[in-house]
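Hello,

Here is the structure I promised to pass on.

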Amino acid sequence: MNLNERSQLLFKHLMALYLNEGKPVGSSLLAKMPDVGVSSATIRNVMADLEKMGLIHSPHTSAGRVPTDHGFRVFVDSILTVQPLNAHYQKQIQQGFDKAQTQQELLGSASQILSGLTGMASLVMLPNQEQEVLRHIDFVRLSDKRALVVLVLNDLDVQNRVIEFESAVSASHLEQAANYLNTHFSGRHLHEVKSLLVKRMDELRQTMDQLMVSIVEATDEAIGSKMQPKMPYFISGKTNLLNYDELADAEKLRALFQSFEEHSEMLALLNKSMQAKGVQVFIGRECGNEIYQNCSVITTPYERDGEVLGVLGVVGPSRMPYDKIVPHVDMTARILSSLLNK
């Protein structure tokens, strides 16, 4: 949308005042800005033009105006200037990951870091379990008929599960099974491992003794359990949304929180973000449902070995400081990706 120089200046000031105060902005307030230099009457004419363009509207009978979703979109796409994050904040994000050892802990830390730094609710989408890569399998004998199966995934994620057998199993049996499984399945995605185990089970029954088959079947169940869908993302800082007047209505918050818990709407948005490169800003109904009116969602993908694993981002009021939130989201994803690659 082409705005002349005066219209763009006044719209930019209106946006800055509204983002800062959250209140309708009147012509008299804009006239006091040092670089405006025109009368309130002229400003009213420009605001009338901006309203006709669908960029601002009057929320009630007050003389002030607030941006529409379209106005926010034009501001974000055409006027917003984002500065790179300074070294202090980069270090703060880096330190937030210090205690994380596994992939799950890194993702959980990313969610907590974002909600803490931005004062918004934050989401970190978990990788598709079928895309997890099996690096190594090991067994720890707990008793005659019990063992711990240890699945090492993606170099960082370690999953343990106790498995039980009908007959006594020796340490050598467990070692033999581990050698077989690591030789044939290490480096494959979990969905491939599941598929190949099913195909080879008849062959295994003919070539291995019953105890070995039992161990492999129990391992197959453990992998299947790992692939069962759980909550598809970490979420932190939901109560931060209570701090914003436009979201603090009890019904509004209940609907938002229910959307987070049911997660189908939000997951659709996060999946959409996975297909795009870089930071994405979704405003109001662009988020997919009218319950996100007055909300914005800022997302960006994170990667491992050049492959997009998931998306992280924040949910907050449309009246958020985009110039600060966007670089925080971007840098958190960059640092998370670098740690997942180590």
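First, some housekeeping. This is a predicted model, in which local features need pLDDT of at least 70 and side-chain atom pairs count only at pLDDT 80 or more, while totals for chains, interfaces and linings use all residues. Residues are numbered from 1 along each chain as its sequence is written, and side-chain values use heavy atoms, with hydrogens and water left out.

Let's start with the helix pair. Helices and strands here are DSSP runs (H or I, at least four residues, for helices; E, at least two, for strands), numbered from the N terminus. Helix α5 (residues 87–96) and helix α6 (residues 103–118) have axes that come within 9 Å and cross at roughly 145°. The axes are lines fitted to C-alpha atoms, for helices over the stretch in contact, and the angles run from 0 to 180 degrees between N-to-C directions. On the α5 side, the contact (heavy atoms within 4.5 Å) is made by Tyr89, Gln92, Ile93 and Gly96; α6 contributes Ser109, Ile113 and Leu117. By type, these residues are four nonpolar, three polar and no charged. In this count, Ala, Val, Leu, Ile, Met, Phe, Trp, Tyr, Cys and Pro are nonpolar, Asp, Glu, Lys and Arg are charged, and the others, Gly among them, are polar.

After α6 comes Gly119, with a positive phi near 70°.

Now to Ser109, which sits in α6. Ser109 counts as buried because its relative accessible area is 12%, where buried means under 20%, exposed over 50% and partly exposed in between (1.4 Å probe, protein chains only). A polar atom of the Ser109 side chain lies 2.9 Å from the backbone oxygen of Glu105. Neighbours within four places in sequence aside, Ser109 is in contact with Gly96, Phe97 and Ala100. Other buried residues of α6 include Leu106, Ile113 and Thr118.

Two further residues are worth a look. Leu197, in helix α8 (residues 190–207), is buried at 0% relative accessible area. Leaving out residues up to four places away in sequence, Leu197 touches Leu181, Phe185, Val216, Asp220 and Ile223. Its C-alpha atom is 17 Å from that of Asp138, 59 residues apart along the chain.

Tyr302 belongs to strand β9 (residues 295–304) and is buried too, at 0% relative accessibility.

Best wishes

Key. Polar contact = N/O pair within 3.5 Å; in protein donor to acceptor, adjacent residues only side chain to side chain.
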